[in-house]
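Morning, everyone. Please bring up the model and its sequence, and follow along as I talk.

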Amino acid sequence: FRLTRGILNKGIYNPDNAQSDVTAPGIIKIFTYDDGVYTETNGRANINGFKNLNITSRTGYGAVDNGNGINIKGESVEITSCGIRPAIGNSVKTALFSHLGKGITITADKIVLNSPQYSIFSGRGKDKKFEVTLDAQNIDITGTIWGYNGDIIITPRTEGEVNISAPAQREDSISLSAGSKLTINAELKKMQISGKIDVSGEGTSLRANMTGDSSISPREGSTSTVAIEASKGGKVELNISGANSSILGDVKTGTGQNASITANLSGGSSRFTGNAEVTGDHSRDWWTGKYTFSEGNTINLTLSGDNAQQLGNLKAEGNNTLNAAYSGRNSSLTGTSDYTVDNKGIMNLSFSNQSVLNGDVLNGVKVYKENNSQPLKTFAGQLTANFEQSSWNGNLSNRGGTAGITLDRGSHWTGNLDNQGGTSGVTLSGGGTWTGSLNNQGGTADVTLNRGSVWIGKASMSGTDTATNVSVNEGSTWKVTADSSVSTLKLS
């Protein structure tokens, strides 16, 4: 079956209440100047029974449902849009004002979507959310997946493969907003996403369970270093469980409030090469003069696979939270700049199971300014870092706020504590050891040794309103390496 031209230069055309049912046991080819398959009002289209379906549109959509749905079922499907319109979806007008279409469902062994711009568009549906569903063993998508209020479900079959690539003209492989939801869920053999993931807006989300050999990275040749960004309430949840899986590029929250990114890398030898950043931006409404601050944003990062590694840095600013846990045996965080950890927000770090932190840590105060004027407001950093059967090689500089370090069950820290303001606390227990010196230049520094712990180093104090308190308990030891000064010393 071959169709090269149809009504209005469309291939299969279904207006009003028309319904097309195309069944062919062999090859179906549709080549058109405008849309390959088109529905409107209550029109429907069903294409099934084929071995190969090839739809190519020079300027239109490959398949566009503005009616009551398009259903495609066969062995192999390839849909290509050569112009600016998406390969499949409903009208992009629905991103502005219209509510059109019901949805497109494609079920096959193999699905290939190609576009120099957008592979999929899922906008506002006429009755409820427009929905695009792809169900296949192998899915290969070139072109940005664009969701604007509509939903997209990608369901590869067991041991299947999924490839999603940004086109050469765009940076993003996935762009979701206005309450759109993209779900990818299957036991995969391989999944690769090349191009930035951008999720923005309340109620907008991406959820993916990525098994097998999985990777996320910016588009090859892109100038952007960002792999994943969530903003304005958007949510990303990634469970990456395949061995040797990777994220290459930065993971960050953008402008707005209450965005979140959760990335769990549980596969052995997983790699995250990039920075995790939840930063405190602000903007001014020039009409009212009021300032809006990016707050309530969260990144949850977990490396639980054996030998999992992050090569990069962590950064938090303002009333935003970064939680990072390195719990896989011999997992590690190794920094690539002066400060592996730069906290002027809320940061909770956890290292366990012989994991390692390599790099210096800074805790300080975020100052919001506008054009170098007087500060609009400040936020004092809140840092906690817990080590259990793990180690840290690096220094801590606290320039304001609170910094709490706990070393338990034989954990070891090699590095100095420089307290220049705020409150710093170091607690050792269960045979934990600290080799390094305490230099308190302002604020309060507390060191507590419990249950056979050891501190090897000296303590110095300078400046006014400085307090250093040391407590040595339960068979613990402070091996003083040079003249030291403290405010209080308690032995028990």
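In strand β14, the bridge partner of Gly 147 is Leu 176. Before I go on, two notes on the source. This is a predicted model, where local features need pLDDT of at least 70 and side-chain atom pairs count only at pLDDT 80 or more, while totals for chains, interfaces and linings use all residues. Residues are numbered from 1 along each chain as its sequence is written, and side-chain values use heavy atoms, with hydrogens and water left out.

Back to the strands. Helices (H or I, at least four residues) and strands (E, at least two) are DSSP runs, numbered from the N terminus. Two strands pair if DSSP finds at least two bridges between them. Strand β12, residues 131-148, runs parallel to β14, and four bridges join them. On to strand β17, residues 196-200: β14 pairs with β17 in the parallel sense, again over four bridges. There, Leu 176 has Val 199 as its bridge partner.

Is β14 buried or exposed? Buried means under 20% relative accessible area, exposed over 50%, and partly exposed in between, with a 1.4 Å probe and protein chains only. Six of the six residues of β14, 172-177, are buried, so this strand is largely enclosed by the rest of the structure.

Next, the core. A nonpolar core is a set of buried Ala, Val, Leu, Ile, Met, Phe, Trp, Tyr and Cys residues joined through side-chain atoms within 4.5 Å. The largest one has 101 residues, and those touching the most other members are Ile 88, Leu 134, Ile 154, Ile 164, Leu 301 and Leu 314. Strand β12 gives the most to this core: six residues. Take Ile 154. Leaving aside neighbours within four places in sequence, its contacts (heavy atoms within 4.5 Å) include Leu 134, Ile 164 and Leu 182.

Now the rings. Rings of Phe, Tyr and Trp (its six-membered ring) pair if their centres lie within 6.5 Å; planes under 30 degrees apart count as stacked, over 60 as edge-to-face and the rest as tilted. How many aromatic pairs does this rule give? The count is eleven. Tyr 13 and Tyr 38 are stacked, at 5.6 Å centre to centre with 15° between the planes. They link distant parts of the chain: Tyr 13 lies in strand β2, Tyr 38 in strand β5, 25 residues apart. Tyr 13 is partly exposed at 23% relative accessibility. Tyr 38 is buried at 12%. Compare Tyr 118 and Trp 146: centres 4.7 Å apart, planes at 40°, so this pair is tilted.

Tyr 38 comes up again. The charged end of Lys 10 sits over the ring of Tyr 38, 4.3 Å from its centre. The rule: NZ of Lys or CZ of Arg within 6 Å of the ring centre and within 35 degrees of the ring normal.

Last, salt bridges. Each is a side-chain nitrogen of Lys or Arg within 4 Å of a carboxyl oxygen of Asp or Glu. The count comes to 15. In one of them, Asp 151 meets Lys 129, with the closest N and O atoms 3.3 Å apart. Asp 151 is in strand β13, and Lys 129 is in the loop between β11 and β12, 22 residues away. Asp 151 is buried, at 16%. Lys 129 is partly exposed, at 26%. Glu 295 and Lys 377 form another, at 2.6 Å, N to O. These two are 82 residues apart. Lys 10 returns here too: salt bridges that share partners join Lys 10, Asp 34 and Asp 35 into one network.
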